[in-house]
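The following exercises concern one protein chain.

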Amino acid sequence: MAQMFNQQTTSFLVEENRHFAGTGGVSENNAQAHFVPAFQDAQTGQVEISRFRDGRPAPFHLIDGLPEDWVTERDLAGRVVKIKSSIISGFVRLGRFFTRQEASDFMEQFAS
């Protein structure tokens, strides 16, 4: 069963990175296979590449560049503090969204 994280707070990315450390479920271990950090809204299926606040693609998961309708709270400086609970982090590879677990599994087979 997949581990669930509280996506409403920014700390979920830290928790996920810790959980998937050393596997293909983190950017540093799957970039060579052309995985791009991304997010998906599990309710709508909409996928967005991870971006810096200014819109440039980010090489790791950042929530500051998510679509405005995915954001539920910002701090006084305008940084994203909370997002919709239906948002999951993962990766896009060749146009397909992979959850972190799927990317980890793929990279395990890729290395074999």
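Two residues are in contact when heavy atoms of theirs lie within 4.5 Å. Helices (H or I, at least four residues) and strands (E, at least two) are DSSP runs, numbered from the N terminus. The model is predicted, so local features need pLDDT of at least 70, side-chain atom pairs count only at pLDDT 80 or more, and totals for chains, interfaces and linings use all residues. Residues are numbered from 1 along each chain as its sequence is written, and side-chain values use heavy atoms, with hydrogens and water left out.

**Exercise 1. Confidence**

Task: State the mean pLDDT of the protein chain, and find where pLDDT stays under 50.

Step 1. pLDDT is the predictor's confidence in each residue, from 0 to 100. The protein chain has a mean pLDDT of 90, and 91% of its residues reach 70 or more.

Step 2. Over residues 1–6 the pLDDT stays under 50. For these residues the model has six contacts beyond four places in sequence.

**Exercise 2. The buried side of helix H1**

Task: Determine which residues of helix H1 are buried and what they pack against.

Step 1. A residue is buried under 20% relative accessible area, exposed over 50%, and partly exposed in between (1.4 Å probe, protein chains only). In helix H1 (residues 12–19), the buried residues are Phe12, Leu13 and Glu16.

Step 2. These residues cover an arc of only 95° around the axis, which puts them on the same side of H1. The arc is that of the directions from the helix axis to the C-beta atoms. An α-helix has 3.6 residues a turn, so residues three or four places apart point the same way.

Step 3. The packing partners of the buried residues of H1 are E1, strand E4 (80–83), E5 and helix H2 (100–111).

**Exercise 3. Strand E5 and its partners**

Task: Describe how strand E5 pairs with E1 and with E6, and explain why E5 is largely enclosed.

Step 1. Two strands pair if DSSP finds at least two bridges between them. Strand E1 (residues 36–41) runs antiparallel to E5 and is joined to it by six bridges. Within this pairing, Phe39 has Ser89 in E5 as its bridge partner.

Step 2. Four bridges connect E5 with strand E6 (residues 96–99), again in the antiparallel sense. Here Val92 stands opposite Phe97 in E6. The hairpin of E5 and E6 has two residues between the strands, and in it Leu94 takes a positive phi near 50°.

Step 3. Strand E5 (residues 87–93) is largely enclosed by the rest of the structure because six of its seven residues are buried.

**Exercise 4. Aromatic rings**

Task: How many aromatic pairs does a search of the whole structure find, and which residues do ring pairs link into a cluster?

Step 1. Rings of Phe, Tyr and Trp (its six-membered ring) pair if their centres lie within 6.5 Å; planes under 30 degrees apart count as stacked, over 60 as edge-to-face and the rest as tilted. The search finds five aromatic pairs.

Step 2. One of them is the edge-to-face pair of Phe35 and Phe98, with 5.0 Å centre to centre and 75° between the planes. This pair links distant parts of the chain, since Phe35 is in the loop between H1 and E1 and Phe98 is in strand E6, 63 residues apart.

Step 3. The rings of Phe98 and Phe106 have centres 5.9 Å apart and planes at 70°, so this pair is also edge-to-face.

Step 4. Phe35 is buried at 4% relative accessibility, and Phe98 is buried at 5%, whereas Phe106 is partly exposed at 23%.

Step 5. The cluster linked by ring pairs consists of Phe35, Phe91, Phe98 and Phe106.

**Exercise 5. A residue in the loop**

Task: Is Ala33 buried or exposed, and which residues does Ala33 touch beyond four places in sequence?

Step 1. Ala33 is located in the loop between H1 and E1. With 1% relative accessibility, Ala33 counts as buried.

Step 2. Apart from residues up to four places away in sequence, Ala33 touches Arg93, Phe106, Met107 and Phe110.

Step 3. Ala33 and Arg93 are 60 residues apart along the chain, and 8.1 Å separates their C-alpha atoms.
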